[in-house]
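Trainee: I am new to this structure and would be grateful for a guided introduction. May we proceed by question and answer?

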Amino acid sequence: MESLGSMKPGDRFQLIFLNQMALPYPKSGWRHPRQDKANVETWMQGIRGEGQTYPTPAFQIASAWSRRWFITLSFQVPGR
């Protein structure tokens with residue numbers, strides 16, 4: 001959520017969580033960081049890490065959206 005707060009006006013984003021499968025954000029298209037922040041936070045609260053990470057399906061989805069910008073972040077959320 002910190003990343004969304006630091007985005008500049010005009011910036012857009014899309015999310016894909018990945019674990020045993022790719023879980024794209026359910027609303028299509030590029031999202032607005034401030035307008036979509038509350039909905040993204042609610043969506044993220046319902047996601048639980050499961051099993052190992054298989055990134056290939058997420059990479060395939062993301063490459064269909066844009067071949068210009070692609071950022072991956074991986075971390076373990078404490079307590080999940």
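Trainee: Among the contacts in the protein with a separation of 6 or more, what percentage is accounted for by residues 24 or more positions apart?

Mentor: Please note that the model is a predicted one. The contacts considered here have a separation of 6 or more, and the share in question belongs to residues 24 or more positions apart. That share is 57%.

Trainee: In which pattern do the helices and strands follow one another along the sequence?

Mentor: The protein has three helices and two strands. Read along the sequence, their pattern is α-β-β-α-α.

Trainee: Is Pro57 buried, partly exposed or exposed?

Mentor: Pro57 lies in helix α3, which spans residues 56-65. Its C-alpha atom is separated by 9.3 Å from that of Leu23, 34 residues away along the chain. The relative accessibility of Pro57 is 33%. Because buried means under 20% and exposed means over 50%, Pro57 counts as partly exposed.

Trainee: Which residue meets Asp36 in a salt bridge?

Mentor: The count of salt bridges comes to one. Its N to O distance is 3.1 Å, and the cut-off is 4 Å. The partner of Asp36 is Arg31.

Key:
Residues are numbered from 1 along each chain as its sequence is written. This is a predicted model: local features need pLDDT of at least 70, side-chain atom pairs count only at pLDDT 80 or more; totals for chains, interfaces and linings use all residues. Side-chain values use heavy atoms; hydrogens and water are left out. Helices (H or I, at least four residues) and strands (E, at least two) are DSSP runs, numbered from the N terminus. Buried means under 20% relative accessible area, exposed over 50%, partly exposed in between (1.4 Å probe, protein chains only). Contact means heavy atoms within 4.5 Å. A salt bridge is a side-chain nitrogen of Lys or Arg within 4 Å of a carboxyl oxygen of Asp or Glu.
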